[in-house]
Amino acid sequence: MTDRPLTKNIDLSRGALSLKEYVAAGGYAGARAIANGLEPSDVLERVKNSGLKGRGGAGFPTGLKWSFVPKSDDVSIQRYLVVNADEMEPGTFKDRMLMEGDPHLLIEGMIIAAYTIQATRAFIFLRGEYFDAERSIAKAIAEARDSGYLGRDIFGTGFDFDIVLHTSAGRYICGEETALLNALEGKRANPRAKPPFPQVSGLWGKPTIVNNVETLCNLPGILAYGVEWYQSLGSGGDFGTKLFGVSGRVNTPGCWELPFGVSIREVIEGYGGGMQEGYALKAFLPGGGSTDFLTPEHLDTPLTYTAIGELGSRLATGTMILLDDKTCPVGMIGNLMKFFAHESCGFCTPCRDGLPWVDTIFRDLESGKGSFKDIDVLKDHVGYLGPGRTFCALAPGATAPLGSGLRLFADEFAAHVSGAKCPYH
Amino acid sequence: MAKITVDGVVYEVDPANNLLQECLSQGLDLPYFCWHPSLGSVGACRQCAVIQYRDAEDTQGTLVMSCMTPVTDGGIYSLAAEQASDFRADVIESLMTSHPHDCPVCEEGGECHLQDMTQMSGHNYRRFDKQKVTHRNQNLGPFINHEMNRCITCYRCVRFYDDYAGGTDLSAQASHHHTYFGRFEEGTLESEFSGNLVEVCPTGVFTDKPFSAQYTRKWDLQTAPSICNGCSVGCNITPGERYGTLRRVVNRYHNEINGYFLCDRGRFGAHYVNSESRLRSARDASGMSVSTTAIEERISEFTSEAVIGIGSPRASNEANFALRSFVGAENYFSGHSDAEHEALQVLIECLRDAAFHSPSVRQIEQADAILVLGEDVTNTAPRIALALRQSVRNEAKALAETSRIPNWQDAAVRELAQESLSPLAVFACGSTRLDDIATTKLNADQQTLIEASNALSERLAGRSPAYSQQTLGTTMQSVEATYTALMSAKKPLVICGTGAGAALMRCAANIARALSVSRSEVCDLVLLPKEDNSVGHALLTSKENTLSRALGRLANGEVKRAIVIENDLFERAPTALVKNALAAAELLVIDQIETPTQRYAALSIPSATFNECEVTKVNYEGRAQLSFQVGEGCDAAKPIERWLNVEGSAHSNSMIARCAAEASDFESLIDCLPDPLGRIAGLKVPRQSHRYSGRTAMHADRNVHEGKQPVDDNSVMSFSMEGMLTQKDSSVLASAWAPRWNSNQAISKFQAEINGELKQGHPGVHLIKRSLNGQAYEAENSVNKNLGDFEIRLVSHIFGSDTLSSHSPAIQKRLCDAYLALNKEDALELGLANGDFVSLGGAEDSIILPLIVRTQTPSGVALVYTGSSALGASINPHDLPESASLARVESEPSVHPTGLGLSNLVVNDAYSGAH
Amino acid sequence: MQQHVIASSSTNARLRARDLTAEEIAEIEHELTLYPTKQAVGLEALKIVQRHQGWVSDESMLAIADYLSVPVSELEGVATFFNLIFRRPVGDKVILFCDSVSCWIMGCDKVKKRLSEHLGIDYGETSAGGEYTLIPVPCLGDCDKAPVMMVGEKMHRNLSCESIDSLLPLSNAEGSK
């Protein structure tokens, strides 16, 4: 038993555990539970009961997602498991740690997920710039294959399973699961319409589950230590642990595995060591670049999907980006808008043509050329690019910091226009 | 049917469709860009947003994209809700941010879907004051202009060009707001359907290049409903005319034939009517011009002794019928080559046969297993090839149905089905342009094709076929695969054409008959003739009256006079035979263009082109269609029937009536004429739009007095803007226009439902009654060929293998030299490489052609493309031996190179490497 | 039997494919064993060629398209979609400089300015000697060590103007690009 099932093996001062070391540390116990006679339906039931939610950002219940794969005894129907390891959300640095630090945990999680949906083949869609993770995972896959943990009849279950490690070439939109599928098929990574969902028509039109790295890393613990243990971790309606991170002007920025329900203050002031001298916390994005700003008054909120949701923001990736009092909020939002505008895939109109307009306005504000009319245009775009308007969630994600920022920092926006320059410069 | 409520009004709709389509079917104005009636939905543009309410209690509603929303029974929606209309205004504002607003100089102006939608969506005040994104344009060849700055990134172009038409050289590139639609490198768009980009693009990114060069605004064009004369499909077109010249051709919707799309031969080939090749005045043998009175006198006395009339597959029913009644049926001869004439007899027998059904293009799209025998359909009847590209997607649609994905979810269906195709077997000699979607390809010489066909018929008849030793392997596999596919299909289809020859056509008929017998149902059989009125001409000609008989009677002096209409006999029979016959005769030639036949004519007389007269033609199905006069063209030209001045020829209606009354099989031709009740208050239907401008001034360079508009006594249409546009008879609907809808998308206002029939039904009548209970043809015999000789097979090209279109200046830029093709191994054995000259037969006067290596050419076969007569650079296909020995020679080829070389050739199997 | 769609069916192409090297072919062949379609290997093949050639030229594009029997225009659509496929020549060392939000908060603009001054190049440019190309990159996922940049495959973390001064000249990890 452990209270850090995701990171107990991770020590960044040394390399990742080899397969032998990982097994010695109790690894592949979850996979062995399968070998001991767990049926796919049993695993599904356990994962459902565990209350595990996807850690990629949307927080969708994992077991429920899996259950949408059409039930069929026909093993000739190819199913795929795809790992979304295209970590590229601004301010997010959690999956990197898992993949570099303990790749066998991911592989074990993949084995469990693949067995549950009877996917004989998996693809890890890894961000192209993550060379260290690539080396770490490739080595682990080779070890697992050599030990018969991957390949034919794994763990004597009669189940064949192998993994292909695919590295991308830099595109945020590939983190959108259907865009990711198009990229894996060698196509332009435009998202696909949903429905049909990937569980029905996914990779090469076959039933496919796409899960985030951290989500899968939760599975070995659930199988090894049980649902009860898992639910004992965390509070406030969310179970298990989560990687929480802090970046910005804190004394010890970093990423830590903590139970759900820990307060924001504890993370920022405790683990993060509090603000650096001379800097005060002005606001923060609680879960990466696509979340609404929260302010110091929210510091005592517990970190759960529900609690953060009730504040009008989202827990999302759980990696907080702190805005301090010496940094221009308009500049920070502008930086995010430049990112989103550039990373728009170009498929749907509001995102493709709306975000560049927003981006340009921020550049104008920054250089003192902005107008109050421009600020009105920004406000209009918050609604225009919002949820349900666009083809996927990229532009709605952009409206989270934009909309909340326009509300919170109205004075700063106005000062950029009236002073015809950035007041922080 | 489902009932939905839209803005408080209840509508009955088809639940199989999406909300946008159903709203448009109901005549509602809802703006859209990326959705297209033939391309389905992808949800990219977000312009068609509406509000969907959960139930009657729901006052808030949810914003949804109507194109991505299935209609559900009891559904409640609003188009007018502020939330929806505001969002639509935002979308159009976004789309227009980088648009250049160059409408005054844009070819699309006035018929621009983007203009219409901008107005409809209520974007009239521009807030965007930042820098626009700009792009570099590409030279996309002689047909299409490229102006990327106008692009609104709706993705329709690539969805049509690649997904729908199977093109491979246009793609979406880059991303975010730099997304670009173009080729990898500058160069001519390769697809035979590239011209549709002009109509598919909702704005002016892709425009018609030949039209640009002689541009006229849409509303200043005089138009009339017309029929394409590019091949035997009979696509409905709308030519536009101004100042007496044809300016452009656009698609005219016909839900059973061309739908929304044309091929490039049809769209750009029609410009031959303005070309230098037009025969613009009558002249005698010495080249002196002859007055109209003199011609009329000469013609009227021409029957003082026996006259042979040689008809034409590119002349109308009325012209051919007039010639037949002028010379007498016994003296009226086929203008087809003997081989084509024989093949057409098979075609007509099959059209009469109750075992078969000749499917429309729309019905071809519904076939779920197809055999194409011996025909490269893309190069002979291109619109049907485009239909076949849809047929093979029926497998994808069936898969989607089982996964409960609606068919209109275009991207989702493709993502699900990936490369799954309905079976398409292509049995042909050499590569065809449908090979990329063929699930079975038998690539073989004529002998093997016949053998395979016979085997397939046997197999379908429940007998076990005999295979020869050489062909056992691949042939048997192909036959077996095709057998299984055809037998397990819901709607099997067999396609062959006269280009494949009578022998293979009989084989195709046998296969279809065997299918029909074993499945106890009528079988779809398409037999494609080469030209636009091949069937009409063949129906008017007696079986015995072959061209060679006519030539023989002239050569031996039995008959001394001949009239040839719209035909170059040097394309129909061996040169020596034609020369002998023509040299011995006193010859009248009536034609639209100048041809080598006219060198032998005592009198060459100009005839009216397709856009200068009102006539009927019969397509491959036996469907007769009426084509209206568009405008006044060449002053000296008249329709042939009027030159011949036969009874009834003064009026096209009476000529059609007479043809219907007198020619067997033509009884129902009379039904082609527009319904007199279709006209409002008896008014004529104007050919000019209500915005037609400049009428008082357009001839002021010749006469400052405004001339009287030409009167058309001949037609229900007038050369005028006065009158009433038809709402009642779709056969006289040339240009669709509706309030707020100035682009071609206005057609939805005239359709009973989207993609359905036009509200007043479709023009065209099937002439032939299927009353024959035919028999299987005798199994075909083998082909004779000397050992070591190469079998010579002709290949067709969409640009160049058709007489009239080859005179179009735009098409001429796409032509290539005559060539002979061998596969790599045969070429190597003969010591030949690309560009070498090859002699056929090795005799002194033998034909010499440049070689191109085409890797898919069956071994022992030489494919020959005979070049284009329009450039004076063709060989007479009838001078070619059936087989010949080949040798490399240093002497010049038989036809002078056009300077175009082979660089325009678009084939799937060109070999560019060295040996 | 599925026929191959050839890269260009017209005989008038101006550009010609170069020959892929044996190493490139071997690596592409390996990727082909991992995916059910040739199209899926497109991006992999682009990356392989880029690893060997530094960038992907038009001639390389044609070569890959030919080798995989995919239309070159489609491959171009993929190549130009991704940020890290270089369709223009780049320097020996490619510097991916993170300019996303955490690095920006931590002052990456100043660091970038210093780097630019040192190298004499701005974003998208290659230094005169062809040694460096500087490219902005979205969040490199090392935000607790911001500002960061990647040179070749090597991460450089906790950057400051001073550390830039001491880092230059930069070297690629394992001598590869």
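**Exercise 1. Get to know chain C: what share of its residues is buried, and how do its elements follow one another?**

Step 1. Of the 177 residues in chain C, 49% are buried. Here a residue is buried if 20 or more other C-beta atoms lie within 10 Å of its own, exposed if 12 or fewer, and partly exposed in between, with C-beta atoms placed from the backbone.

Step 2. A note on the model: it is predicted, so local features need pLDDT of at least 70 and side-chain atom pairs count only at pLDDT 80 or more, while totals for chains, interfaces and linings use all residues. Residues are numbered from 1 along each chain as its sequence is written, and chains are lettered from A and ligands numbered from 1 in the order in which they are written.

Step 3. Chain C has seven helices and four strands. Helices (H or I, at least four residues) and strands (E, at least two) are DSSP runs, numbered from the N terminus. Along the sequence of chain C the pattern reads α-α-α-α-β-α-α-β-β-β-α.

Step 4. Take the contacts in chain C between residues at least 6 apart in sequence: 61% of them join residues at least 24 apart. Two residues are in contact if their C-beta atoms, placed from the backbone, lie within 7 Å.

**Exercise 2. Find the strand order of the open six-stranded sheet in chain B: which strands stand at the edges?**

Step 1. The order is β17-β22-β21-β18-β19-β20 (chain B), with parallel pairing. Two strands pair if DSSP finds at least two bridges between them.

Step 2. β17 (356-357) and β20 (440-443) of chain B are at the edges, each with a single partner strand, so one side of each has no neighbour in the sheet.

Step 3. Now look at β18 (residues 369-373) of chain B. Four bridges join β18(B) to β21 (residues 492-497) of chain B, and the two run parallel; in this pairing, B:Ile370 stands opposite B:Leu493. β18(B) also pairs with β19(B) in the parallel sense over four bridges, where B:Val372 stands opposite B:Val426.

Step 4. Continue to β19 (residues 424-428) of chain B, which is joined to β20(B) by four bridges in parallel. There, B:Ala425 has B:Thr440 as its bridge partner.

**Exercise 3. Describe how α20(B) packs on α21(B): at what angle, and through which residues?**

Step 1. α20 (residues 547-555) and α21 (residues 575-584) of chain B pack at an angle of about 50°, with their axes 7 Å apart. Axes are lines fitted to C-alpha atoms, for helices over the stretch in contact, and angles run from 0 to 180 degrees between N-to-C directions.

Step 2. The two helices α20(B) and α21(B) are therefore oblique to each other. Angles under 35 degrees count as roughly parallel, over 145 as roughly antiparallel, 65 to 115 as roughly perpendicular and the rest as oblique.

Step 3. B:Ser548, B:Leu551, B:Leu554 and B:Ala555 in α20(B) meet residues of α21(B) including B:Leu577, B:Val578 and B:Ala581. By class, the contact of α20(B) with α21(B) has seven nonpolar residues, two polar and no charged. Ala, Val, Leu, Ile, Met, Phe, Trp, Tyr, Cys and Pro count as nonpolar, Asp, Glu, Lys and Arg as charged, and the others, Gly among them, as polar.

**Exercise 4. Compare the partners of chain A: which of its elements touch chain B, and which touch chain C?**

Step 1. With chain B, 28 residues of chain A are in contact with 31 residues of chain B. Elements of chain A that give two or more residues here are α13 (329-343), α14 (349-366) and α15 (372-384). The largest share, eight residues, comes from α14(A).

Step 2. With chain C, 37 residues of chain A are in contact with 33 residues of chain C. Here β6 (241-247), β7 (254-259) and α13 of chain A give two or more residues each, and α13(A) gives the most, with five residues.
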